[in-house]
Amino acid sequence: MHPDYRGRGLASRLLNSVIHENSGSDIALGCYAMTMDLQEWPKDAGGLPTEALAAWYARHGFRSDPDEHTEHRMVRIA
C-alpha cells in the first residue's frame, strides 16, 4: 500500500475480500515489501519492511511456511 494511503484499512479490506472470495481454499503468498517499481524495500528506508508486512499478514490469519521457492512464504489454511 502506498504510504499516502496506509492506516485507512484499505489493504485489510482488499485482503479480506481475497480471503472471502477464496473461502474453503488454502492461500499461499510470498511476503516481500516492495517499492512501487517492484524492487525489494531498502532496509534503510522508512516504511514497512518485510518483517512488519509478515506480522500484518499474521494478524489476518497467515503463518510463516518457507519452502524451496521462498523463505518469506506465508499461508492461510482454510
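Start with Ile27: leaving aside its neighbours within four places in sequence, this residue is in contact (heavy atoms within 4.5 Å) with Val18, Ile19, Asn22, Phe62, Met74, Val75 and Arg76. Keep in mind that this is a predicted model, where local features need pLDDT of at least 70, side-chain atom pairs count only at pLDDT 80 or more, and totals for chains, interfaces and linings use all residues. Residues are numbered from 1 along each chain as its sequence is written, and side-chain values use heavy atoms, with hydrogens and water left out.

**Overall layout**

- The protein chain has two helices and three strands, running α-β-α-β-β from the N terminus on. Helices (H or I, at least four residues) and strands (E, at least two) are DSSP runs, numbered from the N terminus.
- Its C-alpha atoms fill a box of roughly 40 × 35 × 20 Å, taken along the principal axes.
- Of the 78 residues, 23% count as buried. Buried means under 20% relative accessible area, exposed over 50%, and partly exposed in between (1.4 Å probe, protein chains only).
- Among contacts with a separation of 6 or more, 47% come from residues 24 or more positions apart.

- Three strands make an open sheet in the order 1-3-2, with antiparallel pairing. Strand 1 and strand 2 (63-64) stand at the edges, each with a single partner strand, so one side of each is left without a neighbour in the sheet.
- Strand 1 and strand 3 (residues 73-76) pair in the antiparallel sense over four bridges; two strands count as paired if DSSP finds at least two bridges between them.
- Across that pairing, Leu29 stands opposite Met74, and Ala28 has Val75 as its bridge partner.

**The nonpolar core**

- The largest nonpolar core has 10 residues: Leu15, Ile19, Ile27, Leu29, Cys31, Leu53, Trp56, Tyr57, Phe62 and Met74.
- Leu53 lies in helix 2 and is buried, with a relative accessible area of 14%. Its C-alpha atom is separated by 7.4 Å from that of Tyr32, 21 residues apart along the chain.
- In soluble globular proteins, nonpolar side chains tend to be buried together.

**Salt bridges**

- The count comes to three salt bridges, each a side-chain nitrogen of Lys or Arg within 4 Å of a carboxyl oxygen of Asp or Glu.
- Arg63 meets Asp65 at 4.0 Å, N to O. For Asp65 and Arg73, the closest N and O atoms are 2.6 Å apart, and for Asp67 and Arg73 they are 3.4 Å apart. Shared partners join Arg63, Asp65, Asp67 and Arg73 into one network.

How values were computed. A nonpolar core is a set of buried Ala, Val, Leu, Ile, Met, Phe, Trp, Tyr and Cys residues joined through side-chain atoms within 4.5 Å.
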